Amino acid sequence: MINVVVLVSGGGTNLQALIDSIEAGEVSNATISAVISNKKDAYALTRAEKHGIPSDCISPKDYDNGEEFAEALLAALEKYNADLVVLAGYLVIVPLKVIDKYYGRMINIHPSLIPSHCGPGYYGLHVHESVLARGNKVTGATVHFVDEGTDTGPIILQKAVDVMEDDTPEVLQKRVMEQAEWKILPQAVDLIANDKIYIDGKVVKNRR
Ligand code: GRF
């Protein structure tokens, strides 16, 4: 059984999808040992509480410098025995020290088909605005391992979603969440928890 620590900043619908999938037995060999937010009022913390999951708030704003924040985050991940760290709508740049320590054990969900509409500045509604502005007919979501770049790590799963002609960024965001994000994030956790995949250079492969 692996311990998953989920890092969040906001509403936490991806966290909820993971909680539900674990409770339904669709994700096996995994338990969420803690939810950590950088915002005290993140609704994701209420979701954790409702399911009896320990939670913490660790904000870079409460520390004098990045080094101290990194140490606090590392200490929390150790406290909750994190085997896997899931960034689920976490709007903080993860310190390099933390990325290096958890390389291969930290994943992120991004609401587009990487390498389109990703990288610095592409978060939240900006991603979907960019898709609509470019006139893409298909978009989707990607779960990837976190490396030192922004949205550049090895890709674990992707799922495509149709773009409709009268979509607004909000409508498209909702469809991408419902049809892609809430499905592939739990699936990726299940693959890792059951040791089904490995990283070969820049590419994630299935164990045979
Ligand atoms: C999602 O669109 C996710 O892909 C992105 O941030 C959003 C978080 O939503 N990284 P929620 O907090 O899980 O509801």
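Where is the place of Pro115? Pro115 is in the loop between strand 5 (106-110) and helix 5 (125-134); helices (H or I, at least four residues) and strands (E, at least two) are DSSP runs, numbered from the N terminus.

## Basis of the model

This is a predicted model, in which local features need pLDDT of at least 70 and side-chain atom pairs count only at pLDDT 80 or more, while totals for chains, interfaces and linings use all residues. Residues are numbered from 1 along each chain as its sequence is written, and side-chain values use heavy atoms, with hydrogens and water left out.

## Backbone features

The peptide bond between Ile114 and Pro115 is cis, with omega about 15°. Asn29, a residue other than glycine, has a positive phi near 65°. Asn29 belongs to the loop between helix 1 and strand 2 (30-37). Most residues other than glycine have a negative phi, and most peptide bonds are trans.

## Ligand site

Polar contacts are pairs of N or O atoms within 3.5 Å. A side-chain N or O atom of Glu181 is 2.6 Å from a ligand oxygen, and a polar backbone atom of Gly12 is 2.8 Å from an oxygen atom of the ligand. At Ile109, a backbone N or O atom lies 3.2 Å from a ligand nitrogen. Of the 370 Å² of accessible area (Shrake-Rupley method, 1.4 Å probe) that the ligand has on its own, the protein covers 85%.

## Salt bridges

The whole structure contains nine salt bridges, each a side-chain nitrogen of Lys or Arg within 4 Å of a carboxyl oxygen of Asp or Glu. One of them joins Asp56 and Lys79, with the closest N and O atoms 3.7 Å apart. This pair links distant parts of the chain, 23 residues apart: Asp56 is in strand 3 (residues 55-57) and Lys79 in helix 3 (residues 66-79).

Conventions: Polar contact = N/O pair within 3.5 Å; in protein donor to acceptor, adjacent residues only side chain to side chain.
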